[in-house]
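Let's take a walk through this fold, one piece at a time. Have the sequence and the model open as you read.

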Amino acid sequence: MPTLFAEPHAKSSIAIIFAVLAVAIASVGYYVFDYQRQSAGRDSEQRLAAIAELRGQQITAWISERRANARVQGRRSLLASEIARWLERGAPEGATASAIKSQLVLIAQSYGYRIVSLLDAQGRPRLSTHEPPEISEVESGAAAEAMRTGNTVISDFHLSVNKSKSEREPEIDILAPVYASDDKSSPVGTLIFDIDPEISLHPLIESWPTPSLSAETFLVERAGNRVRYLTDLRHLKDAQFNLDRPLEQPDLVEAMGLRGQQGAVTGVDYRGVKVLDRKSV
């Protein structure tokens with residue numbers, strides 16, 4: 001008769017064993033998943049750091065190349081000497097003015113500048129590939145800095161004047177002081193090279209080296225107590241110069257970078273979506 005009780009008891013023991021095994025397997029599965037999740041997070045952070053470093057190097061190289069080109073045009077070049085002599089004569093209209101303007105047009109076409117303009121030492125527009133010359137307050141301020149320091153200057157991102165157009169266009173300028181002879185003399189004027197960021201800079205910023213449905217790179221700046229977006233955004237149309245967010249928002253990753261936090265961080269982006277972010281600048 002004891003065997004009659006053994007079978008149910010055996011079944012119960014087997015059921016308990018299977019239940020324990022199921023819990024053990026589930027626990028192991030969780031820890032494996034958690035390890036893989038942490039490992040994937042570390043891999044993502046490492047990839048993001050590498051891409052951020054690469055992007056920073058690319059942008060730095062782009063800026064250095066543009067600076068060097070502008071510097072060459074303003075110092076010890078035939079163009080600079082011709083500009084200096086022409087300005088010394090009072091910048092008269094005629095063959096010399098037309099020849100200088102033709103060279104400015106050639107430079108704009110060769111290097112992809114939207115507009116190239118020449119200002120005299122007092123900051124007055126003298127020649128431009130765009131007629132009439134339209135100089136913004138940002139450009140005037142940057143030109144004054146170039147004249148004062150004698151250095152090539154990169155302006156802030158800003159919207160063009162474009163009085164002849166219904167819409168103002170984003171732009172960034174490289175400004176080079178023009179020297180008659182050597183760098184020890186005072187500059188006689190300033191060359192302004194107007195860059196269309198949509199053509200030369202944005203493709204560099206917005207490209208991503210690996211396939212991704214969500215990753216993006218963009219530029220922001222501090223505008224008072226706000227974060228202003230300077231480039232287009234992958235997930236939000238018409239955000240350039242139109243979108244801003246609170247600088248003091250604690251979990252906004254864009255604001256973290258502007259507040260000085262470096263390296264990889266987690267938080268939310270401009271959409272309020274949780275993201276992993278890496279500051280490259």
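**A hairpin and its neighbours**

The hairpin of S7 and S8 has two residues between its strands, and Gly224 there takes a positive phi near 70°. Before going on, some ground rules: this is a predicted model, where local features need pLDDT of at least 70 and side-chain atom pairs count only at pLDDT 80 or more, while totals for chains, interfaces and linings use all residues. Residues are numbered from 1 along each chain as its sequence is written, and side-chain values use heavy atoms, with hydrogens and water left out.

Strands here are DSSP runs of E with at least two residues, helices are runs of H or I with at least four, and both are numbered from the N terminus. Two strands pair if DSSP finds at least two bridges between them. S7 (residues 220-223) and S8 run antiparallel, joined by four bridges, and Glu221 sits opposite Arg228 in S8.

S8 itself (residues 226-229) has Val227 and Tyr229 on a covered face, with Arg226 and Arg228 on the uncovered one. S8 is also joined to S9 (residues 244-246) by three bridges, again antiparallel; Arg226 has Pro246 as its bridge partner in S9.

Now hop to the loop between S10 (264-268) and S11 (274-278), where you'll find Asp269. Why does Asp269 count as buried? Because its relative accessibility is 6%, and buried means under 20% relative accessible area (exposed is over 50%, partly exposed in between; 1.4 Å probe, protein chains only). Not counting residues up to four places away in sequence, Asp269 touches Leu252, Val253, Glu254 and Val275, a contact being heavy atoms within 4.5 Å.
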